[in-house]
Amino acid sequence: MNVTIFGIGYVGLVQAAVLADAGHHVICVDRDKEKVENLKKGVISIYEPGLATIVEENYKADRLIFTTDIKVGVESGDIQFIAVGTPPDEDGSADLKYVLAVADSIANHMTTPKIIINKSTVPVGTADRVSEKIAEVLELRGISLDYHVVSNPEFLKEGSAVEDCQKPERIVIGIDSNSNYVIDAIKELYAPFNYNHDRMMWMDVRSAELTKYAANCMLATKISFMNEMANLAEKLGADIEAVRKGIGSDSRIGYQFIYPGCGYGGSCFPKDVQALIKTADSIGYNAEILKSVDSVNYRQKDKLFEKINKHYDKDLKGKTFAIWGLSFKPNTDDMREAPSRVLMESLWNAGAKVQAFDPEAMEECQRIYGQREDLTLVVNQNSALKGADALIIVTEWQNFKVLDIEYVSKSLKVPLIFDGRNLFSPEKLKNNGIKYYSIGR
Ligand code: NAD
């Protein structure tokens with residue numbers, strides 16, 4: 001099938017590459033000229049395991065094309081995906097200007113019927129707005145063309161995005177039309193991913209739009225709930241790791257997403273929780289649980305700094321901290337809303353310096369903060385330790401999980417670790433003479 005995808009970010013690029021890899025012909029349109037030119041040269045601006053290979057292979061096979069030319073994109077695909085960003089507006093609600101700009105572009109250039117599939121995370125009612133926008137422009141153009149707006153929220157996880165798209169747990173399709181042409185086209189589009197068993201879930205558009213928010217808000221709730229328990233455990237003299245295992249063993253609760261830590265980040269959970277709160281406010285509903293999830297997370301991102309500040313009696317001037325992990329979670333270079341940013345900025349404000357290492361997010365960190373005297377990005381995790389006053393672990397990358405206790409102890413000025421991800425046994429570190437702070441223990 002001929003498919004066009006607007007927006008070559010984490011979602012658009014991965015989806016495009018995976019669809020092309022399955023044999024579809026995909027044109028990716030982005031307004032970012034540099035990104036498009038880089039992709040043509042094989043330079044991918046994001047890190048996602050397995051992505052570079054399938055992008056390269058399908059680009060070479062001419063099944064994956066990158067362009068800034070809207071007209072070419074609109075003319076080519078019977079199916080037009082919208083996968084642009086929906087960042088928070090000033091008040092926290094989802095900013096739909098990019099989504100509506102794509103709707104406008106499609107409407108201005110379409111000359112044949114189109115199926116418009118929205119993959120961006122958008123508030124309930126957005127498909128209607130996209131539809132209205134297209135109708136408005138077609139009327140101005142004085143033409144009448146058939147089009148259908150479908151909601152198909154994306155559930156990929158950064159860090160395993162390619163695999164998630166290749167083997168989705170579910171493919172949610174929100175559709176308000178019973179046109180066989182649309183239904184058959186969507187089935188054909190996703191057939192390569194639906195072979196093992198039927199993963200497609202058909203529902204109305206509004207339910208599909210809400211499903212995406214409900215999923216992210218549920219996951220964020222699990223994390224904030226656990227962080228609240230961790231804070232209670234700390235004050236009550238309990239060990240949150242024992243509690244975690246104790247409740248995770250209940251199949252109704254499960255082990256996933258109940259790790260205590262230094263808060264959730266990323267481009268999705270914070271903005272989606274806030275956007276749903278705003279949607280609720282706009283219809284006069286007070287979303288109390290969501291508001292608490294958000295405020296618990298906001299507070300939790302300060303947790304490591306609070307522990308550090310307390311340890312040093314609020315005197316951090318001139319101290320140097322080794323930081324392991326900058327990305328908001330392992331296996332990505334994404335630092336949007338990352339707890340590491342809140343921590344580093346607090347350390348800098350208090351007059352401390354940072355020596356940081358991350359397996360993938362160093363370039364991103366440099367892009368965000370530029371050159372500054374109080375930030376040194378080092379080549380590996382061991383180099384970060386040299387001469388530092390303490391080690392701080394912010395992201396649970398796999399290669400941080402085995403600690404060379406001897407090396408750490410001799411490299412740091414004093415053997416001291418602040419761990420935002422509870423990677424180690426407090427007893428073991430204590431027995432080896434390391435002062436160890438973690439979360440909820
Ligand atoms: P992103 O910021 O990485 O990429 C968005 C891209 O859209 C950018 O390259 C930008 O240049 C491009 N763009 C903006 N306006 C455009 C226009 N008018 N025409 C063409 N291109 C345009 O965003 P992302 O992380 O891929 O997220 C996209 C959407 O998917 C968001 O709504 C997000 O909430 C949702 N989502 C993201 C994830 C994730 O893990 N990142 C997962 C599921 C859903």
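Let's start with the cysteines. This model is predicted, and the count of disulfides in it is zero. A disulfide is a covalent bond between the sulfur atoms of two cysteines. To be counted here, the two sulfurs must lie within 2.5 Å.

Take C268. C268 is partly exposed, because its relative accessibility is 29%.

Now C365. C365 is in no disulfide either. Its nearest cysteine sulfur belongs to C262 and is 15 Å away. Is C365 buried or exposed? Its relative accessibility is 0%, so C365 counts as buried.

Next, the whole protein. I see 18 helices and 14 strands. Along the principal axes, the C-alpha atoms fill a box of roughly 75 × 50 × 40 Å.

How much of the protein is buried? Of the 441 residues, 52% count as buried. The accessible surface is about 20,500 Å², and carbon and sulfur atoms account for 50% of that surface. Now contacts. Take those between residues at least 6 apart in sequence: 73% of them join residues at least 24 apart.

A quick word on charge. There are 52 positive and 62 negative charges. Their mean positions lie 6 Å apart.

Let's zoom in on one helix, α14. It covers residues 339–349. Its buried residues are P339, S340, L343, M344, S346, L347 and W348. In general, an α-helix has 3.6 residues a turn, so residues three or four places apart point the same way.

What covers the buried residues of α14? The cover includes helices α13 and α15. It also includes strands β9, β10, β11 and β12. After α14 comes G351, with a positive phi near 90°.

Last stop: T395. Where does T395 lie? It sits in the loop between β12 and α17. β12 is one of the elements that cover α14. T395 has 0% relative accessibility, so it counts as buried. Now set aside its neighbours within four places in sequence. T395 is still in contact with W324, G325, L326, S327, F328, K329 and P330, along with F400 and R421.

Over to you for questions.

Definitions and conventions: Residues are numbered from 1 along each chain as its sequence is written. This is a predicted model: local features need pLDDT of at least 70, side-chain atom pairs count only at pLDDT 80 or more; totals for chains, interfaces and linings use all residues. Side-chain values use heavy atoms; hydrogens and water are left out. Buried means under 20% relative accessible area, exposed over 50%, partly exposed in between (1.4 Å probe, protein chains only). Helices (H or I, at least four residues) and strands (E, at least two) are DSSP runs, numbered from the N terminus. Contact means heavy atoms within 4.5 Å. Accessible areas come from the Shrake-Rupley method with a 1.4 Å probe; for residues, only the protein chains shown count as cover. Lys and Arg count as positive and Asp and Glu as negative; His and the chain ends are not counted. The place of a charge is taken as NZ of Lys, CZ of Arg, CG of Asp or CD of Glu.
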